Amino acid sequence: MASLSMQDKIAVILFNLGGPDCQAAVQPFLINLFSDPAILRLPQPFRWVLARLIAARRTNEAQKIYAQMGGGSPILPQTLRQMEALQVRLDALGLGETRCFTVMRYWRPRADEVIRQVKQFNPRRVVLLPLYPQYSTTTTRSSFMEWRAATHMAGLRAEVHEICCFPQEPGFINAHATQIQAVAPTYFDGADRQPARLLFSAHGLPERIVDAGDPYPEHIGRTARAIAATLKLTAAEWEISYQSRVGPLKWIGPSTAERVRAAAMDKIPLVICPIAFVSEHAETLVELDIEYKKLALECGAPAYARAPALGIQENFINGLAWLVQNALAQPRLCGVRGAGGSCLEGN
């Protein structure tokens, strides 16, 4: 690893999707989401018009979802807690004068706002750390592109180190295994555990995005296999599914609803792990905890449990710190291709 001077000033930028912080923010949040060319792949002005039509149509339903979480998304406060925990760990490593920042893709704080704070800090190095463990053009690439545009507009000059993905990072994997064992020790901890089905549920993508070369499903598979190996599960004890489908396009599958229903009808206890979400938000607190739980119990599941998102779980935060430390030795750190390549290339 390249030597680090104690005089180095290092900015670490944590990226996440963001979410509306109140009911009034739901529609503008949806407009921001569907205005992203990585999400709605249409040229302008068609994307601008369609984004507003979709947002207007979905606002009432989305507001009902966020009302079940107190009116807004918890993703920003949870990400800020992760940022604070990572800051403590990085300070202990003594990498130099390090400061962490949080950027949300579709709601505040956006890249253009945060980059002003980064400029005031005046770092020599900037580490881009997505809180999307598995790379996708719709998440990591989209967030990085917005950051690069904001950097160019603001005139920030710094050495940039990009972490494109970490689907098999040991701290990340062990954190998931620990959360699963904690919520369902009867099924996934100890030699005398009872049979159950572990469902790794990830946010879905339209098939056409995957067909265009997006590696997200491959990365989801890598994460799931690594967690299953850590828990010493047989192939019959776990599977992957995808949730949160919207619109008329064909999405990758199988769907989480389909696999929840199948396990329940087979009278198998069901444990769900949100494999692509590192903090709680609508997809976990409402979709998994309320909607799919109701479906499972109505279809006859003898038990239903959901492993919590990783939050500030110690192994996870230590894994993030390891990623930052190792990223400083190279321009790009890829959890699949290593130092010699990146999922960012060609996407």
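**A strand and its neighbours**

Mentor: Let's start with a pairing: strand β1 (residues 9-16) and β3 run parallel, joined by six bridges. Strands here are DSSP E runs of at least two residues and helices are H or I runs of at least four, numbered from the N terminus; two strands pair if DSSP finds at least two bridges between them. Before going on, bear in mind that this is a predicted model, where local features need pLDDT of at least 70 and side-chain atom pairs count only at pLDDT 80 or more, while totals for chains, interfaces and linings use all residues. Residues are numbered from 1 along each chain as its sequence is written, and side-chain values use heavy atoms, leaving out hydrogens and water.

Within that pairing, I13 sits opposite L128 of β3. On the β4 side, β3 pairs with strand β4 (residues 159-165), again in the parallel sense, over four bridges. There V126 faces V160 in β4, and R125 has E159 as its bridge partner. To get from β3 to β4 the chain goes through helix α5 (residues 137-154), and this β-α-β crossover is right-handed. By that I mean that, with the strands pointing away from the viewer, the path from the first strand over the helix to the second runs clockwise.

Now, how is β3 itself placed? Six of the six residues of β3 (residues 125-130) are buried, so the strand is largely enclosed by the rest of the structure. Buried means under 20% relative accessible area, exposed over 50%, and partly exposed in between, using a 1.4 Å probe and protein chains only. R125, V127 and L129 point one way, V126, L128 and P130 the other way, and all are buried.

β4 is worth a look too. Five of its seven residues are buried, so β4 is also largely enclosed by the rest of the structure.

The buried residues of α9 are Y216, H219, I220, G221, T223, A224, A226, I227 and A228. At 1.5 Å a residue, the 15 residues of α9 (residues 216-230) should span 21 Å, and the end C-alpha atoms are 21 Å apart, which agrees. The expected span is 1.5 Å times one less than the number of residues. Just past α9, K232 takes a positive phi of about 55°.

Finally, the rings. The structure holds eight aromatic pairs. Phe, Tyr and Trp rings (six-membered for Trp) pair if their centres lie within 6.5 Å; planes under 30 degrees apart count as stacked, over 60 as edge-to-face and the rest as tilted. F101 and F121 have ring centres 6.2 Å apart and planes at 55°, so that pair is tilted. F101 lies in strand β2 (residues 97-104) and F121 in helix α4 (residues 111-121), so the pair ties together parts 20 residues apart in sequence. Both F101 and F121 are buried. For F166 and F172, the centres are 5.6 Å apart and the planes at 85°, so that pair is edge-to-face. F166, at 2% relative accessibility, counts as buried, and F172 is buried at 0%. Ring pairs also link F15, F144 and W147 into a cluster.
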